[in-house]
Amino acid sequence: KMEGVMMVDLVKLIINGKEVEAPAGSTILQAAELAGIEIPRLCYDKDLSPLGACRLCVVEVKGNRLLPASCVTPVFQGMEVETESPAVVEARKTILELLIANHPLDCLTCEKAGACKLQDYCYRYGIKGSPFVGQKHAYAIDDSNPFIVRDLNKCILCGACVRACEELTGADNLSYLKRGFHRKATTAGDVDYIDSDCVFCGQCVAVCPTGALTEKTMVGQGRRWDIERVRTTCPFCGTG
Ligand code: FES
């Protein structure tokens, strides 16, 4: 062992027919990413602890008749993974259909349109509607503060906001409430943001994959992708 050099055990596996290597202890999703293979995900964020909540990242593993969630399943030597097999695609379509069964389909005017992961994946897998008919939420929109608009009708319970609040800021303002259909990711005491301990750092908004949490300053000013900033140099003054 060389002095001062950390040795990492590597595991060899096959993803989509391609032999890849990943550090032992990696998840399938991380190993795929290292190999340039993108696995769809809604609740996974590289800066947050994995939760395995949305199941969109399911993959097929040879010898396993279940489809494990790749963001929480570690790799092992000789593992054979398929990330877009017919069974995986079918499962992802059903997951998306279940998610949008109780999701407002107002993408035409949604502030997150164009930057919404749920919309992106529905587009990718050709999901135009849901065959599942059931109850729909009718939560009031929390527009109580100058910074964040919260529309819990668009929340998919990925828990990214809860984890970001705790893990990135050390605060404890967001958590889960109730169970089943009534489950909510919300402020302590389920109050409006303005009445909570929120300091409006924006971490929860930054990680939200849908239009459940959006920046108020952007409402009506153009959607995120319309006004994305780019680094450029003015051809006249040459400074920026
Ligand atoms: Fe893996 Fe959500 S990204 S379960």
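Two strands are said to pair here if DSSP finds at least two bridges between them, and helices (H or I, at least four residues) and strands (E, at least two) are DSSP runs, numbered from the N terminus. This is a predicted model, in which local features need pLDDT of at least 70, side-chain atom pairs count only at pLDDT 80 or more, and totals for chains, interfaces and linings use all residues. Residues are numbered from 1 along each chain as its sequence is written.

**View 1. Strands β1 and β2 in an open sheet.** Strand β1 (residues 10–15) and β2 pair in the antiparallel sense, with 6 bridges between them. Within this pairing, Val11 has Ala22 of β2 as its bridge partner. The open sheet holds 4 strands in the order β2-β1-β4-β3, and its pairing is mixed. At the edges stand β2 (18–23) and β3 (60–61), each with a single partner strand, so one side of each is left without a neighbour in the sheet.

**View 2. The hairpin of β6 and β7.** Here β6 (residues 174–177) and β7 (residues 184–187) run antiparallel and are joined by 4 bridges. Look for Leu174, whose bridge partner in β7 is Thr187. The hairpin has 6 residues between its strands, and Lys178 takes a positive phi near 60 degrees.

View 3. A residue counts as buried if 20 or more other C-beta atoms lie within 10 Å of its own, as exposed if 12 or fewer do, and as partly exposed in between, with C-beta atoms placed from the backbone. In α3 (residues 117–124), the buried residues are Leu118, Gln119, Tyr121 and Cys122. Seen down the helix axis, they fall within an arc of 165 degrees (taken from the directions from the axis to the C-beta atoms), so they line one face of the helix. Tyr123 and Arg124, on the other side of α3, are exposed. What do the buried residues of α3 pack against? Their neighbour is α2 (86–101). After α3 comes Gly126, with a positive phi near 65 degrees.

**View 4. The largest nonpolar core.** A nonpolar core is a set of buried Ala, Val, Leu, Ile, Met, Phe, Trp, Tyr and Cys residues joined through C-beta atoms within 7 Å. The largest one has 52 residues, of which Leu13, Ala31, Cys57, Ala160, Cys161, Cys204 and Cys208 touch the most other members. Elements giving two or more residues to this core include β1, β2, α1 (28–34) and α5 (203–207). The most, 5 residues, come from α4. Zoom in on Leu13 and, leaving out residues up to four places away in sequence, you will find that it touches Val20, Ala22, Ala31, Val75, Gly78, Met79 and Val81; contact means that the C-beta atoms of two residues, placed from the backbone, lie within 7 Å.

View 5. The chain is assigned domain 1 (10–84) and domain 2 (92–218), with bounds that come from an automatic or database domain assignment. Their C-alpha centres lie 25 Å apart. How many residues of each domain are in contact with the other? Domain 1 brings 13 residues and domain 2 brings 16. The side of domain 1 that touches domain 2 has 9 nonpolar, 1 polar and 3 charged residues; Ala, Val, Leu, Ile, Met, Phe, Trp, Tyr, Cys and Pro count as nonpolar, Asp, Glu, Lys and Arg as charged, and the others, Gly among them, as polar.
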